[in-house]
Structure formats: structure tokens, C-alpha cells
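I opened this model to learn my way around it. These are my notes, in the order in which I looked things up.

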Amino acid sequence: MIKVRDKIECCDFLVVGGGMGGLEAAIAAASGGADVIVAEKHNTLRSGCGANGNDHFLCYIPEIHGEDMELVLREVGNTLDGGPWVDIDLTRVLLQHTKEVVDRWESYGINMRPTGKYVFEGHSLPGQQLYHLKFDGKKQKGCLTQAAKDAGARLMNHVLINEILVKDGRVAGAIGVDISEEEPEMVLFQCKAAILCAGMGLRLYPQQNPTYMFNLPGCPADVGSGHSMALRAGAKLVNIDIPNVHAGPKYFMRGGKGTWIGISSTIDGKPVTPYVTGKPSRATGDVTADVWPSVYLDKMLDGTGPVFMNCTELDDDDVEYMRWAFDCEGIGSIFEYFDQRGIDIQKEMIEFGVFNCTMNNVGVEINEKAESSLPGLYAAGNQVGNVRGNLAGAAVFGMLAGRSAAEYVKTVAHQSIEDIPLVEEKKALFSAIWDRVDGAHWKEPASTLQQIMNDYAPALKPRTENLFRVCIKYLADLKKLCYTELMAENSHEFMRCLEVLDQIDLGEAVAVTGRHRKESRGRHQRADYKFTDLTLNNKFMVVHKDGAGEYHMEYRPRHMR
Ligand SMILES: Cc1cc2nc3c(=O)[nH]c(=O)nc-3n(C[C@H](O)[C@H](O)[C@H](O)COP(=O)(O)OP(=O)(O)OC[C@H]3O[C@@H](n4cnc5c(N)ncnc54)[C@H](O)[C@@H]3O)c2cc1C
């Protein structure tokens, strides 16, 4: 039997995931008087996509950028923080709150002005204003962890959340597992509100080198559990049918493409887009990887690839600057590798590749307070589907959620959770996995899942009705096998088992919604529906599951103002 903690952990507001968004939510809610617990799968000091640092913070400062919000929205809309898949009203809210986060982070000791003044660079098209503040985020997780503690939040490291408990149509608690010891321990949480900040969904698709499953552009612990928990709890998700791809050094997969000062070029050193002419600059870098990340594959397919990042025009100062900036962003290992292998980027170009689909910036639908459609459930960061902003998006909507939740919890009472049937169901499932002595370790379904997704709900190849049908059937088979065969010999493997089950749920939702979209759009290319249905322009597909587990999809207008 799975060990179950006697004590129910009780709080007003439960934060699921102590990454950048989660810690911001915790600080805001605890500062607003709420009793807050942060449940983090690893350790908030070094977890999530911001674990080792970030270095660009989307930030609008009226004194620098001007008061014309429409211009700002248009320009930011052209960067990786905009695009066609965000609600404009939420992007406005995001921008309006960025500066206060910057000020607060400075007060925590995060170096937002490494040169002593505000410097904006990267992630922008030539000729437009720059909105990405260059900062040094190496110490950011330590600073935010301390600030959360100072505000009174209780941090529970090595505790993952596996299920949001719902009673009478609102959040009542959560089911977690403490994985800090060799043997896992099931932990029940009672809370009035919760926020999902579990990051993006990685490892659903195989990446460029499937032998190394953890060679990924982002944090391997971010597997889309938040997306799956939201879906199972009945909250609405948005845009999860649209694959999202990222780009960077081929086979050496690291996020952080905005810090490269170079030009995406053909083998002959010719730029593949018109964005940089002449010597690349620190100010703009090359925005190609942001606005056309699949260029590296598209050029392979049309016979003109591979595409390389060309830094051969840089002088020594720029290369030193890049080294420093990579360090601020936590991707210093790239230069370590170059040094170990004697690679001189002033002499040789570095091949870039498109990384396979990550469930990033697709997921829970939120409003301007970061509320989901389920009362008491909030979401922020990479697992949100209708606003972006990356780090700034996570921070601002985490903060707004925390503030809103601190008020909301004053208006509702705690509910008992022991009688919620899901508690016993999960206890039985956890016990079956833990008690099994002969069965399948997590890697078997994990790699099978990646093959299914890549072959039948692909992100970089055409999709079809038949492929989706087969995908859904194979995923159901895989899930059944997991229920009867999954086993774990320690807490770590137990965590991986629960991750795989969450990933299967997310994969199924991707296939169901992809099947529903009977047109081609962006990276959702259907061989059987090659046209783009113009009636779906500026419409988002919203999906939720009802109590019986049935999917419901609808299109709603994108918020344009
Ligand atoms: C190398 C790299 C460089 C980047 N540079 C920049 C940059 O310069 N500027 C920028 O704007 N963005 C940047 N980003 C993106 C930025 O880091 C993310 O947008 C941001 O961290 C998202 O915050 P989040 O809270 O959504 O997720 P994360 O910060 O990833 O946090 C998610 C947390 O949830 C935890 N978790 C997952 N599942 C569970 C569970 N079931 N229970 C409990 N905990 C769970 C994880 O362990 C993790 O700590 C970069 C990303 C990478 C990978």
C-alpha cells in the first residue's frame, strides 16, 4: 500500500510549482494575508526554466517607450511574446504591470540593471522599439525563494501535486506525493484556492536526440502535469491543438536563443531573412529564431538548408559579451562545450535546428486576474494558453493571481476533502504502482508515448484524420497498459510514473483537439484539409472535459482590444 500522511496539509492558497510564476504568486498572496503553501516537485532554489537564470525581461516603461499603448501592443505583438495566439487585452494587462515587477525584483537583489541603467535588447524586429530589458538573472531563484519565505509562504520541496480536488464546483484541495524519501508518501491538501504554475509540457514529443531524453530546451520536470490536472478538474484549456516549436543549437538543446548575436545564414554565410543586414548587433541580435523558428527545418526540406548561426563577423568584445549574457541566462554550458571542443564561433558557424513540439504557451485559459474557468483555480506562466510574455508573463500573472486569490479566500469556506471519491481512486492507483513487483518501468511507456505522438499527432509533419484516430486508440491502449503494468522501485521512479500518466492525458487532448481542427494553420498542417478556414481567423479553440470525461470543443473569438 502507498504510505499516506496522517495529517492533511491545510492552507488558504496552494501554489503548484515553485518556478518563476509560482514564487511570484506565493509572494503576492502571502503579502496579501493568505496562508500559502508552495508545493514544488524539486527545490525552489533551482527548479524550472528559470533555474539557472534568465536574461531578458519583457518590460514596458512609459517614460522610455511612450504612452501610446496601441503602438506598444502592435510592436510587442511582432515579438515572441505576441503573435496570433494571445488575447490582446491580456497582453495589455501584462505590459501594464511589468515595471512594478522589475522594481520589486531589484529590491530582492536581482540585478535588473547590470550596467547601472536600463538596457533593452534582443527579441525584436529591426526598426521598432526594444522592449526586452537585459538583466542578470543568475540569482533570481534564490532571491524569489527568500522573498516568498519572508512574505510568510511555506515551501514544501520535493512534493509534487498530482490532482486538483473539486467539490461543489470549486477548488477544495489537492492530492500530492512527497518524494523526498526513498518511499513515496501520498499527501492530501485542503485549500480554498490553488494556482497551477507547473510550466510547459516537455517530453511529450521526442527531441532531436531521443537517446538522451533529458537533453531538452527547458526544464525536464515541466512535463505538462499542470495542463493535465486542469483538464481533469474541468477547467478550460485553449490552443492546445497548435504545436509550438522552439529553435537553438542543433542537438545541444538549450533555450535562450535571444542572447545569440549572430545571423541565421545558409552554408555560404548568406542571411536567410532580411532582419539583419551587415554586422549583427547586441541590440537586436537576429529575431529569425523567434518569429520563424521552423526556418531551420523548412530550409532543410526545400534543399537550401542546413541553416547556421553565423557569428563570424563578431569582434572579441561581442563574443565576451555573449559569454557573459549566456551566463546570466543559465546557458553557459554552450560556451563550456565550445571551449572543451576548441570551437571558435568567430571562425565557424554553429548549426541551428528546430526543436520538436513543446506544449509551451498553450494550456489553461485565464482572465485578467489569472483566474481559470474553474472557481478557485488560477494559472500563470508557460502553462497558460492565451497570453505569453515568458518570464514576464509568468511573473505578472503569478503576482495578479496571488493578489486576487488573497481576496477570494476571504469569501469562501474550507470544504472537507476525505469524502471526494478521487481520493480513494488515486490511493488505489498509487498503491497498485507501488506494490507491483513485476511490470513496466516508466521509461517503456514514456518512450512509447513519444513515438505515438511523433508519428500520429506530429508537430513537424502533416496530420490527418486517420492518424489522429489511431493516435487516440494507441494512447488509450497505452494508458490501460500503464494501469495494469506500471511499477516503481523508489520515489523517483514513482514520480516518473505519474508524469507519464499526465503526459498520456495531455497527448490525448492534443490529438482530440487537433482532429477537431479541420483546416491547416501555422504548424498544424493537415494533409486532408490543406486550406486555411478563414472563418476561424482570430478564433481560439477552447476545450474542456465534463464530469464523465467527455471532451467539449468550441471556438471563441480572440480578444482583439
Ligand atoms: C534556458 C532558458 C532561457 C530562458 N530565457 C528567458 C529569458 O531570458 N527571458 C524570458 O522571458 N524567458 C526566458 N525563458 C523562459 C522562462 O524561463 C519561462 O517562461 C519561465 O520560467 C516560466 O515560468 P513558469 O513558472 O511558468 O515555469 P517554470 O519556471 O519552469 O516553473 C515550473 C515549476 O513547476 C514545477 N513542477 C512541475 N510539475 C509539478 C508538479 N506536478 N507539482 C509540483 N511542482 C511541479 C517544476 O519543478 C518547476 O519548478 C528561458 C527558458 C529557458 C529554458
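Entry 1, a loop with a cis bond. I started at Pro306, which sits in the loop between helix H8 (295-301) and strand E15 (308-310). The peptide bond that leads from Gly305 into Pro306 is cis, and I noted an omega near -5°. I keep in mind that this is a predicted model.

I counted elements next and found 15 helices and 20 strands in the protein chain. The radius of gyration is 23 Å, close to the 24 Å that the globule rule gives for 561 residues, so the chain is as compact as a globular protein of that length. Along the principal axes, the C-alpha atoms fill a box of roughly 65 × 50 × 50 Å. I also looked up burial: 54% of the 561 residues count as buried. Among contacts with a separation of 6 or more, 73% come from residues 24 or more positions apart.

The domain assignment gives domain 1 (246-355) and domain 2 (421-557). I took their centres over C-alpha atoms and got 33 Å between them.

Which residues touch the most other members of the largest nonpolar core? They are Phe13, Val15 and Ile195, in a core of 171 residues. Both domain 1 and domain 2 give residues to this core, so it lies between them. I then listed the contacts of Val15, leaving out residues up to four places away in sequence; among them are Gly22, Ala25, Val36, Val38, Ile195 and Cys197.

Entry 5, the parallel sheet. I traced an open sheet of five strands in the order E7-E4-E3-E11-E18, with parallel pairing. Strand E7 (154-157) and strand E18 (377-379) stand at the edges with a single partner strand each, so one side of each has no neighbour in the sheet. On average, neighbouring strands here are turned by 20° against each other, direction ignored. Strand E3 (residues 13-16) and strand E11 (residues 193-196) run parallel and are joined by four bridges. I checked Leu14 and found Ala194 as its bridge partner in E11. Helix H11 (residues 390-408) lies across E3, E11 and E18, and runs at about 165° to E11.

Seven bridges link strand E19 (residues 539-545) to E20 in the antiparallel sense. For Phe540, the bridge partner in E20 is Arg556.

Asn239 is not a glycine, yet its phi is positive, at about 65°. I found Asn239 in the loop between E12 and strand E13 (246-249). Tyr251 also has a positive phi, near 70°, and belongs to the loop between E13 and strand E14 (263-265). Is each of these residues buried or exposed? Asn239 has 24 other C-beta atoms within 10 Å, so I put it down as buried. Tyr251 has 12 C-beta neighbours inside 10 Å, so it counts as exposed.

Methods. Residues numbered from 1 in each chain as written. Predicted model: local features only at pLDDT ≥ 70, side-chain atom pairs only at ≥ 80, totals over all residues. Pairing = 2+ DSSP bridges. Helix = DSSP H or I, 4+ residues; strand = E, 2+ residues; numbered from the N terminus. Core = buried A, V, L, I, M, F, W, Y, C linked by C-beta atoms within 7 Å. Buried ≥ 20, exposed ≤ 12 C-beta atoms within 10 Å, placed from the backbone. Domains from an automatic or database assignment. Contact = placed C-beta atoms within 7 Å. Axes fitted to C-alpha atoms, helices over the stretch in contact; angles between N-to-C directions. Rg over C-alpha atoms; globule rule 2.2 N^0.38 Å.
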